[in-house]
Amino acid sequence: MVARFHNVATATRDASASPEPARALPRRGTRSGLCLTALLAVAACGGGGGGGSPSPPIEPPPPPIDPTQPALRFTEQAANAGLTRTWGYAHAPMSDPEFMASGLAAVDYDLDGDIDVYVAGGDLAPNRLFENQGDGTFVDVAPDVGLDLVHKGSGPTFADIDGDGDLDVFIGAVEDDPYYLMENRDGTFVDVTPSSGLDIFAPNTFSAAFADYDEDGDLDMALAHWGNPERDDTETLWRNNGEWTFESYSRQARIAETLIDSSDPEELQIRAPAFRRDNSFTPNFTDIDSDGDLDLLMASDFRTSQVFSNDGDGRFTLTTDREVIKDQGGWARRSWTTTTTATSTGS
């Protein structure tokens with residue numbers, strides 16, 4: 001089985017500026033988020049004595065923008081398109097997880113050829129499923145299909161979990177609020193969480209990713225639990241046993257023992273082990289080492305992002321290179337949650 005992933009919520013930064021030496025930015029506030037920057041060093045070595053090949057010519061910079069040409073502009077159309085929803089909480093003040101949690105998935109849930117939008121976050125209003133009408137407008141159909149959930153939701157992730165050709169969905173939550181695994185049955189979503197084996201004790205589940213990491217023919221799941229205290233089972237990897245049942249597999253896969261880590265000896269996690277936490281925001285499956293199987297990358301806060309290489313036997317090996325995986329580690333006031341959709345096809 002081959003898992004295909006479609007990233008539906010991303011954060012980007014301007015990469016056009018000249019590179020600068022890495023430097024620490026001042027910490028502002030407590031609601032710090034993930035800011036991951038991979039630094040790739042490329043060295044060009046020239047040989048002497050005529051043995052080396054000539055360096056490639058340097059391309060000239062692009063021509064300046066013609067000021068007489070109209071600039072590309074965007075106009076806010078959410079209200080006109082029907083994409084409105086209230087965000088917030090029924091209580092105050094908000095905790096850090098509540099402040100950061102929410103998410104949307106842009107996906108063709110009804111397989112009619114256009115992109116719909118599912119929105120979660122806050123508990124002042126139900127989650128909304130905005131069905132694309134094909135004319136630039138959207139209609140909320142969440143009450144009609146069983147997805148009008150009221151919880152502190154985060155990171156909705158669609159995938160064909162049972163391999164029947166349509167998209168099911170997992171929706172995380174924070175502060176011990178209910179999380180949901182919903183099966184798509186002919187366009188209506190049914191809560192199968194109680195019988196799924198997903199007994200999650202982590203108070204926060206920010207996002208998820210699906211992939212057939214063990215190549216047994218069905219989609220497994222990885223979860224991110226920012227703020228979870230250190231435990232024997234980090235509840236990161238969940239193996240799909242078929243028939244809508246999952247098994248926590250973080251310990252067997254050797255992820256739990258190495259997930260919580262810090263590269264900075266001055267960080268609180270090193271100086272005060274009692275405060276060690278799982279700071280992961282976003283799991284990502286990809287074949288990073290090009291060996292034919294899917295590895296697991298955890299984008300995390302406070303300099304704890306990790307790379308786990310798939311050993312091909314159901315287990316992973318921590319291969320994070322701190323000389324390559326560098327990030328601002330919570331120094332910047334920026335956070336995001338990436339949600340992913342996955343479909344599986346036989347191969």
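Visitor: What makes E3 and strand E4 (residues 116-120) a pair?

Guide: Five bridges join them, and they run antiparallel. Two strands pair if DSSP finds at least two bridges between them, so E3 and E4 qualify. Strands (E, at least two residues) and helices (H or I, at least four) are DSSP runs, numbered from the N terminus. Alanine 105 stands opposite tyrosine 118 in E4. This is a predicted model: local features need pLDDT of at least 70, side-chain atom pairs count only at pLDDT 80 or more, and totals for chains, interfaces and linings use all residues. Residues are numbered from 1 along each chain as its sequence is written, and side-chain values use heavy atoms, with hydrogens and water left out.

Visitor: Why is the contact of arginine 128 with aspartate 140 called a salt bridge?

Guide: The term needs a side-chain nitrogen of Lys or Arg within 4 Å of a carboxyl oxygen of Asp or Glu. Here the closest N and O atoms are 2.9 Å apart. Arginine 128 lies in strand E5 and aspartate 140 in strand E6, so the pair ties together parts twelve residues apart in sequence.

Visitor: How many salt bridges are there by this rule?

Guide: The count comes to seven. Among them, arginine 239 pairs with aspartate 214, with closest N and O atoms 3.1 Å apart.

Visitor: Why is aspartate 214 called buried?

Guide: Buried means under 20% relative accessible area, exposed over 50%, partly exposed in between (1.4 Å probe, protein chains only). Aspartate 214 has 18%, so it is buried. Arginine 239 has 25%, so it is partly exposed.
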